[in-house]
Amino acid sequence: MPVPGRFTIHARDGKARRATLHTAHGEIQTPVFMPVGTQGSVKAVGPDDLLQAGSQIILGNTYHLYLRPGDELVARRGGLHRFMSWDKPILTDSGGFQVFSLSTIRKISEKGVEFRSYLDGSKHFFSPEKAISIQQNLGSDIMMVLDECVGYGADREYTARSLERTTRWARRCREVHTPGADGQLMFGIIQGGFHEDLREESLGQLLEIPFEGYAIGGLSVGESTEDMYRILNHIGPRMPEEKPRYLMGVGTPMDILEGIESGVDMFDCVLPTRNARNGTLFTSQGKVNIKRAEFREDDGPLDPNCQCYTCRNFSRAYLRHLYTAREILSYRLNSLHNIAFFLELARQAREAIEGGRFAELKAHYQGIYGTDGR
Ligand SMILES: CC1(C)O[C@H]2[C@@H](O1)[C@@]1(COC(C)(C)O1)O[C@@H]2CNc1nc2cc3nc(N)[nH]c(=O)c3cc2[nH]1
Ligand SMILES: [Zn+2]
């Protein structure tokens, strides 16, 4: 009987790892890309589509589901898995980032963070304990601690004080959930901004608390690729070797490959679904902007090397028409393809690590997407 939290490394290629993470809703082969289902749905696609595309785990969000429909309601409906008919693993973010990026008028204190709902302006308060209680109601397989993601450009002094409070919050999260209770795992989140020494400080403090995994927070917040990679390359390899490493909110295909090369195992980003809705599609030959006139009479598949439903059944001309006509089907077909692309990228990375060919895979995509894929 697999024990939730067990993390087995099968192969290494440089710092890259090929591993299996066991959860209460099944095992996850890593490196893994996690489609984002912020409000309990991965926008425009259904659970059957996600399974078909090879998705192993999806993301939900404490902040959004707490505000609507309410974590207590979801608990009464049997938890998030049953509510959204997804019986594989779910990771939920704690809401810290969303409070800072989406809410107005927020007050942060030792106790937690007070914020106003982006829906109706009503006042709410998240303590670390509350953030964990919501994720217990949702029944997610991997819970994230409540943290403060300091903005890009925050000064060093504030960043240093903030990471100390984030550690105290992390300890409070751990204290209200016994490791492994109800099969739920808990990950700590490393902060420290863009200062290598503060990053090490944050990691060192978190290592004193037993977490089943560790995440790199505070990146993909508008910084340059150079700054992201500098911190990633510094802290990734310093994270516990025997536990899963998760890079939050990242990123482009090249960011993901850079992260894997730095020893990161798990990734999530809204890019595939968000860009699908504005017609930017990721293919094995680079980015395709489907609204371009050149595709008006192009009968070819979006990506000749892709096996997804969209590429097997529809032409670029048709996809361009749907996008131009603002047909709802455009969201579905474009999202299906982009999700399939990111999942296939992660699958190719797993295979390349097993074969000791990760450097070649990264070089191959660098030739197509450039150094950062922006
Ligand atoms: C605001 C919104 C919707 O979240 C996405 C998306 O825009 C956007 C805008 O540009 C892209 C890159 C496409 O992704 O940036 C967000 C993705 N970056 C990111 N997600 C994070 C989540 C996090 N969660 C916690 N608890 N703590 C963190 O430090 C943290 C850091 C993160 N960084
Ligand atoms: Zn496709």
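Reader: Which residue stands opposite Phe7 in E2?

Author: Strands of a sheet pair through backbone hydrogen bonds, in either a parallel or an antiparallel sense. Here Phe7 stands opposite Leu21 in E2, and 6 bridges join strand E1 to strand E2 (residues 16–23), the two running antiparallel. Strands are DSSP runs of E of at least two residues, helices are runs of H or I of at least four, and both are numbered from the N terminus; two strands count as paired if DSSP finds at least two bridges between them. This is a predicted model, in which local features need pLDDT of at least 70 and side-chain atom pairs count only at pLDDT 80 or more, while totals for chains, interfaces and linings use all residues. Residues are numbered from 1 along each chain as its sequence is written, chains are lettered from A and ligands numbered from 1 in the order in which they are written, and side-chain values use heavy atoms, with hydrogens and water left out.

Reader: What is the order of the 3 strands in this open sheet, and which are the edge strands?

Author: The order is E1-E2-E3, with antiparallel pairing. The edge strands, each pairing on one side only, are E1 (7–13) and E3 (26–30). Neighbouring strands are turned by 10 degrees against each other on average, direction ignored, where axes are lines fitted to C-alpha atoms (for helices over the stretch in contact) and angles run from 0 to 180 degrees between N-to-C directions.

Reader: In what order do the 8 strands of the other open sheet run?

Author: The order is E4-E14-E13-E12-E11-E10-E6-E5, and the pairing is parallel. E4 (32–34) and E5 are the edge strands, each pairing on one side only, and the twist averages 25 degrees from one strand to the next. Within this sheet, E5 (residues 58–61) and E6 pair in the parallel sense over 4 bridges, with Gly60 opposite Thr92 in E6. E6 in turn pairs with E10 (residues 142–144) in the parallel sense over 2 bridges, and there Leu91 stands opposite Ile142. E11 (residues 185–190) and E12 (residues 213–216) are likewise joined in the parallel sense, over 4 bridges, with Tyr214 in E12 as the bridge partner of Gly188. Helix H6 (residues 128–138) lies across E6, E10 and E11 and runs at about 160 degrees to E10.

Reader: Which way do the residues of E6 point, and are they buried or exposed?

Author: In a regular strand the side chains alternate between the two faces of the sheet. In E6 (residues 90–93), Ile90 and Thr92 point one way and Leu91 and Asp93 the other way, and all are buried (buried means under 20% relative accessible area, exposed over 50%, and partly exposed in between, with a 1.4 Å probe and protein chains only).

Reader: How should I read a helix such as H10: how many of its residues are buried, and at what angle does it pack with H15?

Author: Because 8 of the 9 residues of H10 are buried, this helix is largely enclosed by the rest of the structure. H10 (residues 253–261) packs with H15 (residues 358–369) at an angle of about 160 degrees, the axes being 10 Å apart. That makes H10 roughly antiparallel to H15 (over 145 degrees; under 35 is roughly parallel, 65 to 115 roughly perpendicular and the rest oblique). In contact terms (heavy atoms within 4.5 Å), Met254, Leu257, Glu258, Ile260 and Glu261 in H10 meet Phe358, Leu361, Lys362, Tyr365, Gln366 and Tyr369 in H15. These residues divide into 7 nonpolar, 1 polar and 3 charged. After H10 comes Gly263, whose phi is positive, near 95 degrees.

Reader: Which residues make the contact of H14 with H15?

Author: H14 (residues 328–354) packs with H15 at an angle of about 145 degrees, with the axes 8 Å apart. Phe341, Leu345, Gln348, Ala349, Ala352 and Ile353 of H14 meet Phe358, Leu361, Tyr365 and Tyr369 of H15.

Reader: Where is Arg165, and what does this residue touch?

Author: Arg165 is in helix H7 (residues 156–175), and this residue is buried, with a relative accessible area of 13%. Leaving aside residues up to four places away in sequence, Arg165 touches Ile108, Ser109, Glu110, Glu148 and Tyr158.

Conventions
Ala, Val, Leu, Ile, Met, Phe, Trp, Tyr, Cys and Pro count as nonpolar, Asp, Glu, Lys and Arg as charged, and the others, Gly among them, as polar.
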